[in-house]
Amino acid sequence: MTARDFTNSEKFKDLVRTRWTFSFIMLAILFVIYYGYIFLVALHRDFLAVMVGRNITMGIVLCTAVIIGSWILTLVYVVWANTVYDKKVESLKRDLQ
Amino acid sequence: MQSTLGQPNGTAILFFVLVVIFTLIITYFAAKKTKTTSEFYAAGRSVTGFQNGLALAGDYMSAASFLGISGMVALSGYDGAIYAVGWLVGWPALMFLIAEPLRNLGKFTFADVVASRLKSGPIRIASAVGGLLVVLCYTIAQMVGSGKLIQLMFGMPYEMAEIIVGVVMLLYVLFGGMLATTWVQIIKAVLLVFGVTVLTVLALAKFDFSLSNLYTEVVTMYPADNMLNPGGLVTSPLDALSLGLALMFGLLGLPHILMRFFTVPDAKEARKSVAYATTFIGYFYIVIPIVGFAAAVLIGKDAIKGIDAGGNMAAPALAELLGGTPFLGFIAAVAFATILAVVAGLTLAASSAMSHDIYVSVFKKGHATEEEQVKVARISVVIFGLAAVAMGILFKDQNVAFLVGLAFAIAASANFPALFLSILWKKMSTQGAVWSILVGGITATVLIILSPTVWVKVLHNEAAIFPMKNPAVFSMTAAFVVAIVVSLLTPEPEAQEKFEDDKIRTYLGIGAE
């Protein structure tokens, strides 16, 4: 089997497809979280001024939530890569030998 | 309370000298391990994911974000927090799109990745110039900012501050290369996170550890200022989208950040390093607004503006109030270490673009001995270091705040589209990449000059020709469109073949350096 047959194999193509599909889904979630927040700031200020505690505004909660949400997304990616992606990579590496 | 800020402070100098001595000892040991180019630029690929995560945090969290964001929150409240969020969101994107393939395809610079399957000459020059422009803008902003901060904190003459930063940074980079730079960045990140944590705990203790009490005090003290709600930073959705794109994708085009990914042994460690970096940076940006709000209450806006009109001294003043002169000294030394670490990372990135991308790969066509490469690398470090000090002094009284925005806009528009498409898109051609870098970089620069930040604030014209604060939404789109259209018009079968050949390396890491 040549290197080209290998990269053209369904298994390899599946690895590439899975990797980018997952990446773009994660990127889309990041966009929704971040731009959702930014558009609330630009257009719906009343909502951000809602009090959720004694002098703690929705704006303050959301700003922290965006940072924590982004952080969680990176952790989800690492867990996914360690469990799903790396397994596929290992299996393909074995096929190569 | 009378502040001692701006007077020579014994503890500050003591802490500063300790940090410098300690980092120079590390540099001494790192120098022994720095003989080859791979050791000079990539620390022999021996850095672990955790160490690299800390070093990335140390490379990224500048004095401007520590002192600037806390000051912005102290003076204008919530807007400073919106800014802090923007500085973080690029990290997950870096993880999803670039980190692993970058590590697998590159050697020392991101230009290696773009050039790997395209015609090396033109693309190296274009991406090295794009990278250098970003690093240059960033460095000038850092040098001018740091000179002023050191002047404010230590009462030292501006020029002397520039020279001290330049000399100490040169010692690290010249002798210890990437290994010493990595450790300086790790130490700085630890000190910064520790210092900010202590500052936050001491500040919250004044409010019975209740954020609610803190915000109540803020509202009571400044009832008219609407401190807890968004102000003028984000008003138009298009402007917000554009600034967001620049911050998010600019990170993916910063050469000094991308370069750090070549210091880890493989893609798995590269991935881990982003997760650790995001953890430290995220924590930092969550905590830093609290410091700002506490400074507004405990020091008072007028007193903060009294020390520095831009509010940059809010955090140091708060440190002095809560922990006395010793703690102020510690925080001042941390700010100084912060500047050193960031400038060292930038210098190394500039040197790699000049010597590895342009001298070795273009002029010498890759035919240079190991000794010659390291020698040229060191010469370029000295050239860039001297240039940084000279520009810092030259731009002393200039308004350079726009340069960080410009660096991010160029990074997002010139470097990122070419890098990303060369990883992902089979049909990318040399012409497409070169034109994309040129169009993205030039559009971003011209639009920033015509925008309110430069046209009105720096050049003192009445009204801006380009109304938005950040051009990324147009310049980045232009770069992508040009890359795609030109690549389709100039098909390059060899590059497409090479793209297929590289796949095993890109996805499995087999054959990676």
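Trainee: How do you know at what angle the axes of helix α4 (residues 58-96) of chain A and helix α14 (residues 267-298) of chain B cross?

Mentor: The axes, lines fitted to C-alpha atoms over the stretch in contact, with angles from 0 to 180 degrees between N-to-C directions, come within 10 Å and cross at roughly 165 degrees. Because that lies over 145 degrees, the cut-off for roughly antiparallel, α4(A) is roughly antiparallel to α14(B). The model is predicted, so that local features need pLDDT of at least 70 and side-chain atom pairs 80 or more, while totals for chains, interfaces and linings use all residues. Residues are numbered from 1 along each chain as its sequence is written, and chains are lettered from A and ligands numbered from 1 in the order in which they are written.

Trainee: Which residues make α4(A) and α14(B) meet?

Mentor: Contact asks for C-beta atoms, placed from the backbone, within 7 Å; among the residues that meet are A:Trp71 and A:Leu75 in α4(A), and B:Thr278 and B:Tyr285 in α14(B). By class, this contact has nine nonpolar, six polar and two charged residues, where Asp, Glu, Lys and Arg count as charged, Ala, Val, Leu, Ile, Met, Phe, Trp, Tyr, Cys and Pro as nonpolar, and the others as polar.

Trainee: How many residues does each chain bring to the contact as a whole?

Mentor: Chain A and chain B bring 42 residues each, and on the side of chain A that touches chain B, α4(A) gives the most, with 17 residues. That side divides into 28 nonpolar, nine polar and five charged residues.

Trainee: Which residues touch the most other members of the largest nonpolar core?

Mentor: A nonpolar core joins buried Ala, Val, Leu, Ile, Met, Phe, Trp, Tyr and Cys residues through C-beta atoms within 7 Å. The largest has 233 residues, and B:Cys137, B:Ala295, B:Leu318, B:Ala335 and B:Leu340 touch the most other members. Helix α16 (residues 314-363) of chain B gives the most to this core, with 31 residues.

Technical notes
Helix = DSSP H or I, 4+ residues; strand = E, 2+ residues; numbered from the N terminus. Parallel < 35°, antiparallel > 145°, perpendicular 65-115°, else oblique. Contact = placed C-beta atoms within 7 Å. Buried ≥ 20, exposed ≤ 12 C-beta atoms within 10 Å, placed from the backbone.
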